[in-house]
Amino acid sequence: MKGTLWLAWRQQRALILTGAAVLLAVTAWVVVMRMDMTDFISSHHIDTAGCKGWDGGCESEAVLKLLDDNNGPLRALGSLSTALPVIIGIFWGAPLLGRELESGTWKLALTQGVGIGRWFTTRFALATACTVIGSAVLAALVAWWWSPVSNMLNGLYWHDGYIFNATGPAAVACALFGLAAGTAAGLLIRRTLPAMAAVLGAVVAVRFALNAFRSDWISPQLWVSQGDAPRREIGSGWSTGEFGFLDAAGRKYAIPDACAWGEGLPDLKTCMAQKGFTGRYRTVFPSSDFWTFQWIETGIFLGLAAVLVAVICFVLKRRPLP
Amino acid sequence: MTDDPTTALRATRLGRRFRGGWALRDCDFALPAGRITALVGPNGAGKSTLFHLATGLLRPTSGDLRVFGAEPGSQAARDRTAFLAQDKPLYPRFTVDETLRFGRELNGDWDHASAERIVRAGNIPLDARVGALSPGQATRVALALAFGKRPDLLLLDEPLADLDPLVRIEAMGLVMAEVADRGTTVVMSSHVLSELENACDHVLLLKQGAVRLDGDTQRLCDTHVRVTGLADPATDDGLPPDVDRATVVEAAVTGRQVHALLRHSDWSPAEPWIVENPSLEDLLLAYLRSDQPAEAAGAAA
Amino acid sequence: MIAFRIDRRSGVATYLQLAHQVRQALRLGVLEPGDRLPTAKEVVEAIAVNPNTVLRAYRELEREGLVEPRPGQGTFVRRSLAQPAAAADSPLRAEAAAWVGRARAAGLEREDVAALAASVLDDAFPLPDPPPPFIPAQKQKPEHTHTQEEDT
């Protein structure tokens with residue numbers, strides 16, 4: 001290795017080697033766990049493809065055991081992948097410039113023959129490459145292990161945080177956002193420890209906000225059942241929790257207990273007729289919306305990361321550094 | 001402005017303001033190439049600010065500073081300048097060998113052999129961690145890193161602070177040997193005036209962000225006189241009335257005695273006065289103590 | 001070879017101290033004709049003074065005809081100052097020792113003897129005119145010196 005790349009490698013090699021070792025260990029564990037899982041599926045002749053949704057209609061002791069055995073470890077892997085952006089922001093981003101500013105070594109680095117542009121670009125590019133590789137591998141491991149038992153009965157669904165935040169392009173984009181946020185915090189705060197705290201707060205806050213507002217990005221589908229026909233089952237979809245009655249004009253009444261039933265109450269048909277309801281509805285995000293949500297959040301994370309990198313470049317061009 | 005090759009560092013109405021006020025203001029000077037300049041001044045006089053401006057780590061608020069005619073921080077200026085910051089930053093987790101490799105990888109023109117020679121001459125193992133070195137050894141490594149760059153201008157901010165007396169001579173000896181070898185221009189700041197006396201041949205004295213003294217040390221000593229005599233009770237400062245007050249740098253009365261430093265004076269005292277040329281240290285101390293030059297302050301404004 | 005040392009408190013200019021130490025080494029026979037003086041780099045590395053100071057001392061010695069620079073090789077000793085008559089076992093030294101012994105017997109203190117010897121030396125080897133106590137500085141502007149005040 002030559003020039004600034006050698007310096008970037010020398011300063012980040014502890015992180016790279018530690019990260020690679022952890023990733024290797026996790027990969028080995030996932031491979032073993034998934035092999036056990038597929039062995040169990042084939043030895044018990046479980047038709048996982050035909051068993052999707054809450055109402056998969058395939059409840060058996062074997063299937064429940066399959067899910068019981070894998071839910072916990074899958075959640076652990078999902079948590080690791082979900083936490084990765086924070087970990088990267090704290091341990092990789094915050095010291096990337098923060099430690100140089102804190103210890104004064106930036107004066108050493110910036111008075112050598114190479115300019116600040118190449119110095120920063122190389123070290124940030126190396127960190128970016130490692131972030132993309134690390135987060136992509138973890139996201140792929142989550143998807144690979146989860147896919148046979150996805151969206152089944154009481155298993156993990158695509159919209160669960162353990163899955164949605166832990167896989168797909170949004171997980172990689174979020175890791176890049178974490179790196180950029182950590183780097184910017186280190187540069188602006190000039191000290192590693194407070195920068196670590198700041199990036200922890202920032203990434204967790206953005207994640208919480210996105211999880212809270214996710215269902216507002218796009219409109220759910222309206223599933224209608226006429227008369228007193230049973231409502232369509234949710235299956236692998238993600239219910240918004242909103243359901244109720246429709247009248248002849250198509251107006252929605254989000255009053256689930258408008259026609260309760262029980263001792264001494266009119267039956268559903270009578271009640272609906274009395275109140276002028278002609279059907280029932282619920283709103284649901286079908287499982288195909290996974291990718292829509294993923295691309296939206298990928299865009300948000302990449303946009304935030306781009307803004308932060310622009311801020312970093314702007315600040316680095318100024319003198320003094322803040 | 002001409003890019004005079006005999007000028008290493010030229011300031012023109014140079015100023016730098018921080019939130020707390022001006023650290024340097026309206027400074028004009030031209031430090032000669034091939035010389036060893038002492039940058040002297042009390043704490044907060046703007047010495048470190050000047051070093052940071054000269055390396056491009058800071059930009060001036062007003063005016064202009066040039067390193068061999070180039071803008072500080074530009075490629076041309078960076079290639080010719082080496083800077084040893086006050087806290088002598090090094091990467092504590094690097095080995096000495098890696099520290100020298102850092103210099104090689106980040107500089108186009110790098111003299112690895114001489115950098116390694118400087119380190120070996122200090123009996124510093126190349127595989128030692130920089131964080132485990134003594135302050136003296138770390139200074140030697142930092143100097144090796146600076147010299148390996150083959151700089152034309154070497155900027156040393158308090159290079160001897162925190163070093164024991166033996167190591168101070170050793171470090172200063174290294175710098176002087178580099179100057180003897182390559183004719184490097186050196187600008188160094190220090191609070192220990194006696195250490196500068198034998199090493200420096202030019203002096204730039206800053207006080208409150210302004211240049212108070214700038215010149216060849218020998219000529220400055222030759223053009224100032226230290227006079228001691230019987231105080232004249234009729235005057236405020238104890239000096240006889242025929243002394244041109246514009247030439248008085250400082251004057252102090254102790255009992256019946258007056259002790260003063262005069263510059264460019266053609267005052268020829270009557271017999272009982274003791275008149276001698278000041279040492280550099282004496283001269284610098286007088287200027288550091290003196291608040292008198294309202295004239296100088298007026299000149300700087 | 002010769003190792004230099006500097007007395008920073010003596011008030012004597014550093015280059016004069018260096019030149020004096022070379023002369024002393026020549027007198028004591030530590031340096032002999034043909035010997036090479038240390039290079040400026042070697043000297044300054046050891047005693048941390050400005051290289052020009054060393055070059056100035058060598059120029060002074062060269063002016064006195066004691067050393068000569070050989071281009072590309074260094075500065076070499078041309079002639080010795082060693083006086084056989086001043087050696088430790090010379091008759092002159094024995095006479096001086098006997099005189100000091102008599103002075104002591106006469107009740108003179110060390111400083112009295114030194115002062116007496118100095119005054120005899122001054123008579124025998126008159127110094128050039130002593131410098132006047134103060135030479136007024138020239139009013140003209142020196143080439144390399146300028147103070148802030150002069151800028152106005």
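## Terms and basis

A salt bridge is counted here where a side-chain nitrogen of Lys or Arg lies within 4 Å of a carboxyl oxygen of Asp or Glu. The model is predicted, so that local features need pLDDT of at least 70 and side-chain atom pairs count only at pLDDT 80 or more, while totals for chains, interfaces and linings use all residues. Residues are numbered from 1 along each chain as its sequence is written, chains are lettered from A and ligands numbered from 1 in the order in which they are written, and side-chain values use heavy atoms, with hydrogens and water left out.

## Interface of chains A and B

Across the interface of chain B and chain A there are two salt bridges by this rule; the side chains of A:Arg10 and B:Glu98 meet in a salt bridge at 2.9 Å, N to O. On the chain B side, α1, α2 (75-80), β5 (81-84) and α3 (96-106) each supply at least two residues that touch chain A, and α3(B) gives the largest share, five residues. Helices (H or I, at least four residues) and strands (E, at least two) are DSSP runs, numbered from the N terminus.

In contact terms (heavy atoms within 4.5 Å), 28 residues of chain B meet 28 residues of chain A.

## Sheet of chain B

Three strands of chain B form an open antiparallel sheet in the order β2-β1-β4, where pairing requires that DSSP finds at least two bridges between two strands. Because β2 (21-32) and β4 (62-67) of chain B each have a single partner strand, one side of each is left without a neighbour in the sheet. Strand β1 (residues 7-18) of chain B pairs with β4(B) over five bridges, and B:Arg10 stands opposite B:Arg66 in β4(B).
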